[in-house]
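Please read them with the structure open.

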Amino acid sequence: MMLGLQGHHWQLDAGEVCVCVLSETMEESHPLLLSPSCFSTENRFFITSYGGLYISDVQKEDALSTYRCITKHKYSGETRQSNGARLSVSDPAESIPTMLDSFQSREVKAGRLVELPCIASGYPNPAVRWIKDGRPLPADSRWTKRITGLTISDLRVEDSGTYICEVTNTFGSAEVTGTLTVIDPLRVTLTPKKLKTGIGSTVILSCALSGSPEYVIRWYRNTDLVAVDDYISIRGISNETLLITAAQKSHSGAYQCFATRKSQTAQDFSIITLEDGTPRIVSSFSEKVVNPGEQFSLMCAAKGAPPPTVTWALDDEPIPRDSGHRSNQYTMSDGTTVSHMNVTSPQIKDGGVYRCTARNSVGSAEYQARINHPQSFAATAPGGTRISMTNDDEAAREIVENEL
């Protein structure tokens with residue numbers, strides 16, 4: 001017999017099961033708080049997570065109590081109390097099992113707890129047997145058979161299936177069949193999480209989802225639904241990729257990938273900043289003189305969006321990468337690209353104008369300076385004295401040549 005606490009009076013036979021349930025409209029409430037008369041040291045009173053009160057093996061003294069349920073709203077804290085209900089208990093009469101509470105289908109997220117109701121009246125009290133997908137329930141500590149039904153904790157996807165609850169006594173049997181579907185919670189990961197790049201760049205946002213299948217993806221920028229235009233396109237089988245070509249300053253903002261499946265939702269966001277990303281040289285080398293055989297290294301640092309690539313040239317010719325010339329570059333956390341040109345065992349031919357050029361998709365910038373290598377120049381002065389000097393001292397050269 002199913003009871004609703006509306007101030008009514010019910011007739012039960014001793015030994016039967018009494019059921020009190022809340023309306024489904026109370027789903028937003030906390031589990032029930034019951035009046036003290038509902039608590040018993042005999043463990044005949046059971047409260048389910050969905051607000052049902054079960055009294056097993058009903059006794060005549062149960063008719064002496066008034067039953068009420070109290071709900072408390074989990075947000076406002078407001079409490080409400082139902083009208084009182086009374087029971088009339090009579091001597092038991094033999095009867096076949098009759099289902100009082102059952103389920104048809106449930107969809108629950110993995111990791112949660114679910115109760116599959118199955119309770120019947122009848123005298124003698126019916127025995128209960130559970131079957132999953134045509135077989136008896138497997139041994140698992142997560143599964144608990146109670147008088148109110150089957151409780152499964154820490155749900156897994158493999159717990160999905162068709163469940164049958166059979167109730168039997170000496171006068172007959174009854175059964176109920178229901179389906180349980182366990183789904184992984186939706187999880188969304190949007191990459192990159194943060195991107196600062198230059199106007200005119202191509203921006204690609206990728207939305208990766210795991211968990212529940214059959215989801216729908218929507219894209220938002222600054223809480224507004226993204227509209228496809230000449231710059232923006234949405235691609236992929238499930239619309240999981242957002243592409244911006246020739247990005248403009250107006251495309252900056254917070255982008256959201258929002259996934260839904262029935263009552264499930266999940267989202268992730270990314271911050272995109274578009275700026276004038278034309279490269280600029282922020283640190284460089286100075287003009288200097290090095291001696292033949294003296295190893296030297298030149299440094300050039302540039303910033304831009306996207307981070308630029310640096311190349312090197314000597315007297316307008318690209319510097320070959322060989323055993324005597326090594327270049328490397330790396331990008332710092334602030335987006336600065338740092339490049340070094342390392343020259344080992346330099347020769348006279350390694351003197352000249354060195355230029356570093358920083359380029360990205362927006363533009364380029366360059367810097368240059370001369371690296372001088374002294375060339376030995378020898379001549380014999382009057383009196384047989386041999387004089388050595390560098391070609392950097394043109395005035396001295398002219399004097400010696402004249403005297404010779």
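1. A strand here is a DSSP run of type E with at least two residues, and strands are numbered from the N terminus. The model is predicted. Phe-46 sits in strand E5, which covers residues 45–47.

2. What does Phe-46 touch, leaving aside residues up to four places away in sequence? The contacts are Gly-52, Leu-53, Tyr-54 and Ser-56, together with Arg-146, Ile-147 and Thr-148. For Ile-147, the separation from Phe-46 is 101 residues in sequence, while the C-alpha to C-alpha distance is 8.3 Å.

3. Elsewhere there is an open sheet of 4 strands, in the order E20-E22-E26-E25, with antiparallel pairing. Strand E20 (187–191) and strand E25 (232–235) are the edge strands, each pairing on one side only. From one strand to the next, the twist averages 15°. As a general point, strands of a sheet pair through backbone hydrogen bonds.

4. Strand E26 (residues 241–244) is joined to strand E22 (residues 203–210) by 4 bridges, and the two run antiparallel. Leu-205 has Leu-242 of E26 as its bridge partner.

5. E26 is also joined to E25, again antiparallel, by 4 bridges. Here Ile-232 is partnered with Ile-244 in E26.

6. Which residue takes a positive phi in the hairpin of E25 and E26? Gly-236 does, with a value near 105°; the hairpin has 5 residues between the strands.

Methods
Residues numbered from 1 in each chain as written. Predicted model: local features only at pLDDT ≥ 70, side-chain atom pairs only at ≥ 80, totals over all residues. Heavy atoms only, no water. Pairing = 2+ DSSP bridges. Axes fitted to C-alpha atoms, helices over the stretch in contact; angles between N-to-C directions. Contact = heavy atoms within 4.5 Å.
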